[in-house]
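Please read the following report alongside the sequence and the model, which are shown here.

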Amino acid sequence: MTKPVIEVEALAKSFGDNEVLKDITEKVEPGQVIVVIGPSGGGKSTFLRCLNLLETPTSGKVAFEGQDLTTLDTKSVNALREKMGMVFQGFNLFPNMTVLENIKLAPMKVKKTDDAAATKRAHELLTRVGLDDHADAFPTSLSGGQAQRVAIARALAMDPKVMLFDEPTSALDPEMVGEVLNVMQELAKEGMTMVVVTHEMGFAKSVGDRIWFMADGYIQENNTPDNFFAHPETDRAKDFLSKIL
Ligand code: ADP
Ligand code: MG
């Protein structure tokens with residue numbers, strides 16, 4: 001048995017009186033693509049942020065490769081966090097650096113990779129996302145789809161064990177959604193472990209190994225895409241699907 005990449009046990013998170021995550025116990029196995037879907041305000045972003053401790057859980061356990069993050073000191077958490085790449089809705093590229101510099105920054109600063117090796121790797125990653133010809137461009141000159149592909153390359157530069165995506169295409173013009181989803185699909189094919197919050201149901205169906213339907217602070221259903229979309233079990237999921245499909 002291989003260890004789960006991420007293991008969450010009785011995870012709860014409140015903001016004041018607002019119990020956003022109530023009791024979540026799930027595992028992410030190596031190579032799995034988990035697609036988290038559900039209504040807005042249902043706690044999806046909070047959940048993702050709890051996985052790498054960008055939010056501190058109120059109670060429960062979050063383990064990464066068998067290590068309970070909630071018991072570790074800040075330094076150890078930071079070290080493990082480097083192994084979890086994260087891509088948000090906004091692209092968050094550093095505007096005063098070129099595309100290449102954006103990608104090289106963390107490997108050089110955090111991993112102490114030397115300039116030549118970081119440059120080589122950055123070019124490889126840019127080629128992979130189809131943007132090596134934009135290596136010397138500044139982020140403001142990129143389209144949203146290009147910027148998001150650079151953000152993915154930047155996350156990959158740290159050689160993460162898992163990639164967390166929070167609605168990576170929600171801020172994009174429709175014609176740019178596909179190019180970002182394609183990069184994510186390629187990544188999945190190469191075996192990357194991924195947790196993806198998205199409203200792109202086509203991606204969920206064709207790339208997801210499991211759908212986690214999250215609403216009201218719980219994962220209400222954990223199912224294969226085929227089963228989830230054809231036979232949702234809960235009224236909550238049926239209601240959600242009737243509104244979006
Ligand atoms: P989703 O991503 O599914 O739309 P979120 O995790 O963003 O849901 O939000 C779930 C709930 O948590 C919302 O009621 C939101 O207002 C609340 N929330 C999220 N982040 C914070 C925060 N930093 N402080 C207070 N409340 C928050
Ligand atoms: Mg969200």
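## A residue in a loop

Leaving aside neighbours within four places in sequence, Asn 52 is in contact (heavy atoms within 4.5 Å) with Arg 81, Met 84, Met 86 and Leu 164. Asn 52 belongs to the loop between helix 1 (44-51) and strand 4 (59-64), where helices (H or I, at least four residues) and strands (E, at least two) are DSSP runs numbered from the N terminus. Asn 52 is buried, with a relative accessible area of 3%; buried means under 20% relative accessible area, exposed over 50%, and partly exposed in between, with a 1.4 Å probe and protein chains only.

## Basis of the model

This is a predicted model, in which local features need pLDDT of at least 70 and side-chain atom pairs count only at pLDDT 80 or more, while totals for chains, interfaces and linings use all residues. Residues are numbered from 1 along each chain as its sequence is written, chains are lettered from A and ligands numbered from 1 in the order in which they are written, and side-chain values use heavy atoms, with hydrogens and water left out.

In helix 9 (residues 235-244), the buried residues are Ala 237, Phe 240 and Leu 241. Seen down the helix axis, these buried residues fall within an arc of 95° (taken from the directions from the axis to the C-beta atoms), so they line one face of helix 9. The face turned away from the buried side carries the exposed residues Asp 235, Ser 242 and Lys 243.
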